[in-house]
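The sequence and the structure are shown below.

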Amino acid sequence: MQQRTVNRSAKSVNYTLPSPIGGLNVRDSLDLMNETDAIVMDNYIPQDTKVALRRGYVRYAELEGKVRTLAEYKLPDENRFLAFAGSTVYNISSKASIKNYEKDFGEGRWQYCQFKNRLLLVNGYDKPQTFYVDDNGDEHFDDAGFTGEKLLPQRLINVCASHQRLFFVEKGSLNVWYSEGVGEVQGTLIKFDLSAIFRDGGELMAVASWTQDGGQGIDDLTVFLTSEGEVAVYSGSDPGDAGDWELKGVFRMSRPIGYRCVLPYQGDVVIISEDGYIPLSKALPLEQANSSQIAFSDKIRGLVLDRTRNNKSKEGWQGIIYGRGGYALFNVPVNQQFEQHVINTNTGAWCRFTNIRALCWGLFQGRLYFGAEDGVYLFDEGYSDNKVHICGKIAQAYSNLGSGNLKKIQMINPRTKSSTKYALVVYVNVDFDDKDKAYAENIGYSGMTKWNSASWSSLDNPIGTKWATLKGKIRSQWIGCSATGFKASLVFQTKTRGNLIEWYDTGFRYESGSGIL
């Protein structure tokens, strides 16, 4: 009897793709990205082993006028939190007992630094201010009382402490004013004219103390930065002593953005510039420059260049380190809105926050706050944006899923963890397609398709699902999918105001083609 030939179909291949812990990539072409990068990563934070939805924010204090500056005054167990809103300043250390200092300022955007238990504040319009708490616990908010030959104190617009001496930037000039004596917090200021040092003109934007040994000491350098991107680096502590004060060099980098362009971090100084967020240790060719522990923003350079091209003159650019969250955040004005570029300070992976209309940011007792048009909000609190949904979207980089052949993707399995149900759309784009499938809110609503009640592949246009895990466990469930191509990009969209979502990896099951098709 002749043996019957059995026609067997191709066997399915399983492939596990880690979640995009490499973060946002706006540098490489779609074909060259690492599969753990992301083409889009909004409101999800890349962590060491997973990506997690950012937490939300709640209203902390309702104030009159736009909140354009938040400043923390630090003393052991005596911290104060100041908010400059409209034309005045408030003590908002306790949300239950907000104090109005009843000041009348012409400008609400202040630069500040704390030196010898005093908070020094300047804005280029009003007289410099000083805030401190005396030995009796009484608060003082007064004019700083600086004088100097031909000095107009109202023109001082930036301040920094370096080598136990205060340095002030004079608005619209290349002049810096420094305290006559070491450790002085009031009294006489002396002018140091830098116009002979800088060849490209412009104005002085900021002064920074740049350490070379990881802490404050004799190796610290004092850095002066102009609007044209020139950087003068000095060693020594007294500009009036030629034997002590030495110019190490004048260097060029991309032009800084705004007076809040300097972000000190772990001995380095990160500059917010037209070309990205650049540590001085990577920008300047000094032999003793240390290696930065914050990644250079090269990986999102395309995004930064797009934002600086049209928005560099707008108010709101600022950087801040949020140690509790493990990331640095850069506030970016975009048209009439804002977005935040966020970097994991441990891995160097980037993402973007959206729908946070923050005019400024500040820390108080380790917590992160932002100022808005109607008050102050506590960030990284709760699971909604002041009772509004948090919408997250990730488009993962294209992957060949372990095979260069044409493949038909049959099923996907996004392994996630959450506490309650949330709206989810998950689908696959192939071969650099950029389909964008919308979803409708369906948490607690009837008439929407739930998992297991209909096949995913039977829906012409998936519009959202109920998706959750039980008792904090990772949910693993295969979903029908129909996509054919050589490379695949998983799109993961969520909408929630009630939980924290964590995404670990995704299983793919596909049939691989062979031979001539």
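In this predicted model, Leu-121 is placed opposite Gln-129 of strand S13. The two residues belong to the antiparallel pairing of strand S12 (residues 118-122) with S13, which is made by three bridges. On S13 there is also a pairing with strand S14 (residues 139-143), again antiparallel, over five bridges; here Thr-130 faces Asp-142 in S14.

| Hairpin | Residues between the strands | Glycine and phi |
|---|---|---|
| S12 and S13 | six residues | Gly-124, positive, near 80° |
| S13 and S14 | five residues | Gly-137, positive, near 85° |

Strand S13 (residues 129-133) is largely enclosed by the rest of the structure, because five of its five residues are buried. In a regular strand, side chains alternate between the two faces of the sheet. Gln-129, Phe-131 and Val-133 point one way from S13, while Thr-130 and Tyr-132 point the other way, and all of them are buried.

A further sheet is open and consists of four strands in the order S20-S21-S22-S23, with antiparallel pairing. Its edges are strand S20 (204-210) and strand S23 (246-252), each of which pairs on one side only. On average, neighbouring strands of this sheet are turned by 20° against each other, direction ignored. Strand S20 is joined to strand S21 (residues 221-226) in antiparallel fashion by six bridges, and Leu-204 is found opposite Thr-226 in S21.

Beyond its neighbours within four places in sequence, Tyr-277 is in contact with several aromatic residues, among them Phe-296, Trp-317, Phe-330 and Trp-350. The contacts of Tyr-277 also include Val-270, Ile-271, Ile-272, Ile-300, Val-304 and Val-332, together with Ser-297 and His-341.

Is Thr-496 buried or exposed? Thr-496 has a relative accessible area of 0%, and is therefore buried, the cut-off being under 20%. This residue lies in strand S39 (residues 488-496). Leaving aside neighbours within four places in sequence, Thr-496 is in contact with Leu-53, Tyr-383, His-389, Ile-390, Tyr-422 and Ile-501.

Terms used
Residues numbered from 1 in each chain as written. Predicted model: local features only at pLDDT ≥ 70, side-chain atom pairs only at ≥ 80, totals over all residues. Heavy atoms only, no water. Buried < 20%, exposed > 50% of the residue type's maximum accessible area, 1.4 Å probe, protein only. Contact = heavy atoms within 4.5 Å. Pairing = 2+ DSSP bridges. Axes fitted to C-alpha atoms, helices over the stretch in contact; angles between N-to-C directions.
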